[in-house]
Amino acid sequence: MNDMTQDAKREWPLTIVAHRGCSGAAPENTPAAFKLALEEPGIAIIELDVHLSKDGVPVVIHDHTLERTTNGTGRVDAHTLEELRGLDAGSAFAPAFAAERIPTLEEALELAKGRCKLHIELKMLAREYAGIEEKVIALVQRHGMQREVVLSSFNHDSMKLAHELDPSIATGLIFLGKPVLLAEQLRHAGASSLSMHHAFLTRELADEMAGLGIDLGVWTVNDPALLARIAAEYPGMRVTTDYPERALRIMRERELEVR
């Protein structure tokens, strides 16, 4: 058994999620960032974000607008897929990535199938993407990846609908903060996963979610000291980071220290 296979089978102190792929080393939400994550067997999950193009195609990009990560301007949903595909989605990160393009969700699914689980965030400020749940679920079903993805969103109505459309696909809610009646909100949406900012992680919350059978994760943890503390205090916690390779290095070093 080679070292990479051993790495893949090892139980790490944290479940490492590559935030928008390995976004600290390559342009976020691009094939380059996803491929880097897929090359590291210790990464359990890749997180990505989905919008709809003007012609209704699920595309992978975080912002509602194009300026920060591409050489385009305006809203994502004001451009057709062909127009979006013509944009440079890499040079804003580094000139060497000028060839990177905005991928479709289908391309991301094809890359990850059988190799790594995906957490797919549906990006909606309100309900501007009517039908996005049906379109995303149809792609997941077409590729037979119902057990390989989790759909999530800050929009709880969206996740309730997604759960109703296909209960075999896990869904999750995202929060910035710790709201009241959290268990009731998860139950209402049919969600089995919760993601929240790391500042709101407490032992009480972790114990409550464990008791409910909810998969709890925190974002976005880039500080090495904080990663090490979470690993020590919350074994097995799902942690989203821009630098998964750094997180895994910390996990390997910590394992050596324990030995």
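Buried means under 20% relative accessible area, exposed means over 50%, and partly exposed lies in between (1.4 Å probe, protein chains only). This is a predicted model, so local features need pLDDT of at least 70 and side-chain atom pairs count only at pLDDT 80 or more, while totals for chains, interfaces and linings use all residues. Residues are numbered from 1 along each chain as its sequence is written, and side-chain values use heavy atoms, with hydrogens and water left out.

**The whole chain**

- The protein chain has ten helices and nine strands. Helices (H or I, at least four residues) and strands (E, at least two) are DSSP runs, numbered from the N terminus.
- The radius of gyration of the chain is 18 Å, close to the 18 Å that the globule rule gives for 259 residues, so the chain is as compact as a globular protein of that length. The radius is taken over C-alpha atoms, and the rule is 2.2 Å times the number of residues to the power 0.38.
- Along the principal axes, the C-alpha atoms fill a box of roughly 55 × 45 × 35 Å.
- Of the 259 residues, 50% are buried.
- Residues 24 or more positions apart account for 54% of them.
- The chain exposes about 11,700 Å², and carbon and sulfur atoms supply 53% of that area. Accessible areas come from the Shrake-Rupley method with a 1.4 Å probe; for residues, only the protein chains shown count as cover.

**Helix α8**

- Leu-205, Ala-206 and Met-209 are buried in α8.
- Seen down the axis of α8, its buried residues fall within an arc of 100°, so they line one face of the helix. The arc is that of the directions from the helix axis to the C-beta atoms.
- Glu-204, Ala-210 and Gly-211 are exposed on the other side of α8.
- The cover over the buried residues of α8 includes α7 (182–189), β7 and β8 (215–219).
- Gly-213 follows α8 and has a positive phi, near 75°.

**Helix α4**

- In α4 (residues 105–112), the buried residues are Leu-105, Ala-108, Leu-109 and Ala-112.
- Viewed down the axis of α4, these buried residues fall within an arc of 100°, so they line one face of the helix.
- Helices α2 (31–39) and α5 (132–142) are among the elements that cover them. Strands β2 (45–52), β3 (58–60), β4 (117–122) and β5 (149–153) are also included in the cover.
- Gly-114 follows α4, and its phi is positive, near 75°.

**Salt bridges**

- The structure holds 13 salt bridges. Each is a side-chain nitrogen of Lys or Arg within 4 Å of a carboxyl oxygen of Asp or Glu.
- Asp-49 and Arg-20 meet in one of them (3.7 Å, N to O). This pair links distant parts of the chain: Asp-49 is in strand β2, Arg-20 is in the loop between β1 (15–19) and α2, and they are 29 residues apart. Both Asp-49 and Arg-20 are buried.
- Arg-68 and Asp-63 form another salt bridge (2.8 Å, N to O). Arg-68 is partly exposed, with a relative accessible area of 42%. Asp-63 counts as buried, at 15% relative accessibility.
- A network of salt bridges links Arg-20, Glu-28, Asp-49, Asp-63 and Arg-68.
- Arg-229 and Glu-233 also meet in a salt bridge (3.1 Å, N to O). They are four residues apart in helix α9 (residues 224–233), so about one helical turn separates them. Arg-229 is partly exposed at 39% relative accessible area, and Glu-233 is partly exposed at 38%.

**His-19**

- His-19 lies in strand β1. Its relative accessible area is 10%, so His-19 is buried.
- Leaving out residues up to four places away in sequence, His-19 touches Glu-47, Thr-220, Thr-240, Thr-241 and Asp-242.
- His-19 and Asp-77 are 58 residues apart in sequence and 23 Å apart in space, C-alpha to C-alpha.

**A surface patch**

- Phe-154, Leu-176 and Phe-200 form a nonpolar patch on the surface, with about 310 Å² of accessible area together.
- Patches are made of residues with over 30% relative accessible area and no salt bridge; like charges are joined within 9 Å, and nonpolar side chains (Val, Leu, Ile, Met, Phe, Trp, Tyr) within 5 Å.
- Phe-200 sits in the loop between β7 (193–197) and α8 (203–212). Phe-200 is partly exposed, with a relative accessible area of 33%.

Key:
Contact means heavy atoms within 4.5 Å.
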